[in-house]
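Notebook open, structure up on the screen.

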Amino acid sequence: MERSRKRKLQAPKPSPVKSEIVENKDNAASESVNGLYPTHPRPTPEECRAVRDDLLALHGFPPEFAKYRSRKLKENPTSSTDAAGSSPPPPPPPSLSLSLPSVKSEPRENGEDEAETVLDGLVSILLSQNTTDANSTRAFASLKRAFPTWEDVHAAESKCIENAIKCGGLAGRKASCIKNLLKALLEKNGKICLEYLRDMSVEEIKAELCHYKGIGPKTVACVLMFHLQQDDFPVDTHVFRITKAIGWVPGQADREKAYLHLNKRIPNELKFDLNCLFVTHGKLCHMCGKKGHNQQRISCGRPCPLSKYFCSTNLK
Ligand SMILES: [Zn+2]
């Protein structure tokens, strides 16, 4: 309640601005203010909407992201996700639908999703690095089972945390990152909690989170989009590959620059849906998938709806 009230009191955010803010560790800030790729005026808002509609017609809205979409609409019903108004977009006819394996939409074992805190979300994202969704979901559930509160995790030996999350891979590195984060939060704020981020601006949140060791720009962008219901557009491996293939970012762009460019070009109200759809499509479409463009058709036999946008110079 309190949170919604505060959010409503914030001044309306001007549309394509937040992407102009760059992580401190990057010196691209001045570039971005002047337009990162001024000679690359894509994607246009019309292209964004067309691609969103094409992917939505193919996949429906991905169920594994539906809870975040509902939260976003609950928090700020007028600001975002314009697909099919405020209701979840209708699923495509079963014959056209490509759905993800059931493991993706399994509920968390640690309790109600509605009770998920910002810190839960951030740790989930940290655990999802360099592993599958299924493994990171298992690692998070195992961590919460072993240590029900974040204070318990903070008090635990690193080795015990490592053991609890080992099914997610890179357990040593992830355990140390989580432990450092909890320690820093306690020292700085006197409590282990990140709910205060909900009352901060996107720029302030980026500046705040990037101070913590092991939390990079992509993690911050995911926290903003999924757990703080802000209009941001993280660039993961699927988003990077697809947006490059369809010519939305120049072929030479690295992921950091693609993030800045896409956040500047994509209308805020389309960011969430497009991002979720790109991730889902990247996992399901053989043509846009990791293995590259060596297959002409996706698994159900329908042509990839993005093939008409492919930019031959960017195909890799
Ligand atoms: Zn595709």
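I started with the outward side of α10: the face turned away from its buried side carries Glu203 and Glu204, both exposed (12 or fewer other C-beta atoms within 10 Å of a residue's own, C-beta atoms being placed from the backbone; buried takes 20 or more, and partly exposed is in between). Helices here are DSSP runs of H or I, at least four residues, numbered from the N terminus.

A note on the source: this is a predicted model, where local features need pLDDT of at least 70, side-chain atom pairs count only at pLDDT 80 or more, and totals for chains, interfaces and linings use all residues. Residue numbers run from 1 along each chain as its sequence is written.

Next I looked up the buried residues of α10 (residues 202-209): Val202, Ile205, Lys206 and Leu209. They span an arc of only 100° around the axis (taken from the directions from the helix axis to the C-beta atoms), so they sit on the same side of α10.

The buried residues of α10 pack against α11 (217-227). I then checked Val223: beyond neighbours within four places in sequence, Val223 is in contact (C-beta atoms within 7 Å) with Val118, Gly121, Leu122, Ile125, Leu209 and Leu228.

Last, α13 (residues 255-265): eight of its eleven residues are buried, so α13 is largely enclosed by the rest of the structure. Among the buried ones I noted Lys257, His261 and Arg265.

Key. Two residues are in contact if their C-beta atoms, placed from the backbone, lie within 7 Å. Helices (H or I, at least four residues) and strands (E, at least two) are DSSP runs, numbered from the N terminus.
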